[in-house]
Amino acid sequence: MRLSVPAPEDFGVEMVGVPEGAAIELDLRLEAVLEGVLVTGTATVPLEGECARCLDPIASTFEADFQELFVYPDTRSGGNAEDDELRLEDDLIDLEPVLRDAVLLALPLSPLCRDDCPGLCAECGARLADDPDHHHDVVDPRWAALQDLAGEPSPGPPEGGRGDSGPRGSVDQQGKQEG
Ligand SMILES: [Zn+2]
Ligand SMILES: [Zn+2]
C-alpha cells in the first residue's frame, strides 16, 4: 500500500527538515494481529537543510523505516498503564507521531552537502569548495612588526582569476548587462 501525505509543520531538526506540505511517500504494510494492527513501512521524505560545514543549502531525500503496533480501542493492555500506547481510532491510524519518531530520530544532526565537504575558511569564511587552493599567507609576527615600522601596509597582490585547470567544478557564467 502506497500513499502520499503532506508533511506537517515543524517536521525537522535544527539543521535539516522536511518542508511543510512536501509530499511524504509512504510504503505501508498493515498486518492484523491479535491486539490490533501492526504497521510496517518506509517513509521517503524530501529534505531541505543547510550543510553543517559550509552552510550551503541541501536538498535531498531520506528514507526511514518504522514499525508500530496500533492496538484496538477496546483492548485493555492488562492493567499496564501505558499512556504512550497508540490506539486505533475509528479505524483511522494517525501516523504522524510514528513518522515523527522514525524520521526525526534518524535525521543527521550535522548534514553535509557532500561527504568530503571542506567547509569554510576559518580565517575569512570563504567557501573552500569553490577555491581549493584558498589559503592565507600567515605573516610572521616579527615581519608584521616590521611592516608596522614601515608605516605603509603593502597592498597584497591583486587577485586575478586564474584559468588554471582546477578540479572539476561548476562553471558560473556571469553576464553583465548594461542598458
Ligand atoms: Zn558543505
Ligand atoms: Zn580565507
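Student: Which residues of helix 1 are buried?
Tutor: In helix 1, residues 96-106, the buried ones are Leu99, Ala102 and Val103. Buried means that 20 or more other C-beta atoms lie within 10 Å of the residue's own; exposed means 12 or fewer, partly exposed is in between, and the C-beta atoms are placed from the backbone. Helices (H or I, at least four residues) and strands (E, at least two) are DSSP runs, numbered from the N terminus.

Student: How do the buried residues of helix 1 fall, seen down the axis?
Tutor: They fall within an arc of 85°, so they line one face of helix 1. The arc is that of the directions from the helix axis to the C-beta atoms.

Student: What does the face turned away from the buried side carry?
Tutor: That face of helix 1 carries the exposed residues Pro97 and Leu105.

Student: And what do the buried residues of helix 1 pack against?
Tutor: Strand 4 (23-32), strand 5 and strand 6. Contact here means that the C-beta atoms of two residues, placed from the backbone, lie within 7 Å.

Student: Where do these numbers come from?
Tutor: This is a predicted model, in which local features need pLDDT of at least 70 and side-chain atom pairs count only at pLDDT 80 or more, while totals for chains, interfaces and linings use all residues. Residues are numbered from 1 along each chain as its sequence is written, and chains are lettered from A and ligands numbered from 1 in the order in which they are written.

Student: OK, the whole chain. How many helices and strands?
Tutor: The protein chain has two helices and six strands. From the N terminus on, the order is β-β-β-β-β-β-α-α. Of its 179 residues, 15% are buried.

Student: What share of the contacts with a separation of 6 or more is between residues 24 or more positions apart?
Tutor: In the protein chain, that share is 52%.

Student: Why does Asp10 count as exposed?
Tutor: Because Asp10 has 10 other C-beta atoms within 10 Å.

Student: What about Leu55?
Tutor: Leu55 sits in the loop between strand 5 (36-50) and strand 6 (57-71). Phi of Leu55 is near 65°, a positive value in a residue other than glycine. With 14 C-beta neighbours inside 10 Å, Leu55 is partly exposed.
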